[in-house]
Amino acid sequence: MVLHCHAAVVTISTPNLAKLSQFYSNLLGMGPHIYIEGVYAEFQLPGLQLGIFEPRGGDRQEFSPQSGAMSLCLQVCYLEKAIENFVELGYPPPGEIITASHGREIYAYDPCGNRIILYESQT
């Protein structure tokens, strides 16, 4: 049997939906497509829906943060400009730009510590 998938949504849990939604709004230069205060925010990106949710009381333990459990990879046109955006938002990437098989990349982190890999394709 094959799963026939028509769309994909990546979701990030957070104990502070307002703060993380504002961060991604500032980073992406757009507000969420869907916003339910204290519950859920969703951003429409090219080829991806990014959801952010605040777990309900009984579910908080299940969604407690695990460092490095997930990475959100964002392809950008100009890596240095993307780095400047993170610096302006108060979350400068802690490391240096590295060269990987797919191009240049750097790790950055959102206010909840979720890893965001910014990469500039070599092609």
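Before starting, I wrote down my terms for accessibility: buried means under 20% relative accessible area, exposed means over 50%, and partly exposed is in between (1.4 Å probe, protein chains only). I also noted that this is a predicted model, where local features need pLDDT of at least 70, side-chain atom pairs count only at pLDDT 80 or more, and totals for chains, interfaces and linings use all residues. Residues are numbered from 1 along each chain as its sequence is written, and side-chain values use heavy atoms, with hydrogens and water left out.

**Entry: cysteines**

I looked up Cys-73 and found it partly exposed, because its relative accessible area is 45%. Next I searched the whole structure for disulfides (pairs of cysteine sulfur atoms within 2.5 Å) and got 0. Cys-73 is thus in no disulfide, and its nearest cysteine sulfur belongs to Cys-77, 16 Å away.

**Entry: strands**

Here I used DSSP runs numbered from the N terminus: helices are H or I with at least four residues, strands are E with at least two. Two strands pair if DSSP finds at least two bridges between them. I saw E1 (residues 9-13) pair with E4 (residues 48-53) in the parallel sense over 5 bridges. One of the residues I checked was Thr-11, whose bridge partner in E4 is Gly-51. E3 and E4 run antiparallel and are joined by 6 bridges. I found Phe-43 bridged to Leu-50 in E4. The hairpin of E3 and E4 has 2 residues between the strands, and there Gly-47 takes a positive phi near 75°.

**Entry: Ser-25**

Is Ser-25 buried or exposed? I marked Ser-25 as buried, because its relative accessible area is 14%. Ser-25 sits in helix H1 (residues 17-28). Then I listed its contacts (heavy atoms within 4.5 Å). Apart from neighbours within four places in sequence, Ser-25 touches Met-30, Gly-31, Pro-32 and Phe-43.

**Entry: Val-39**

My last stop was Val-39, in the loop between strand E2 (34-36) and strand E3 (40-45). I noted Val-39 as partly exposed, because its relative accessibility is 42%.
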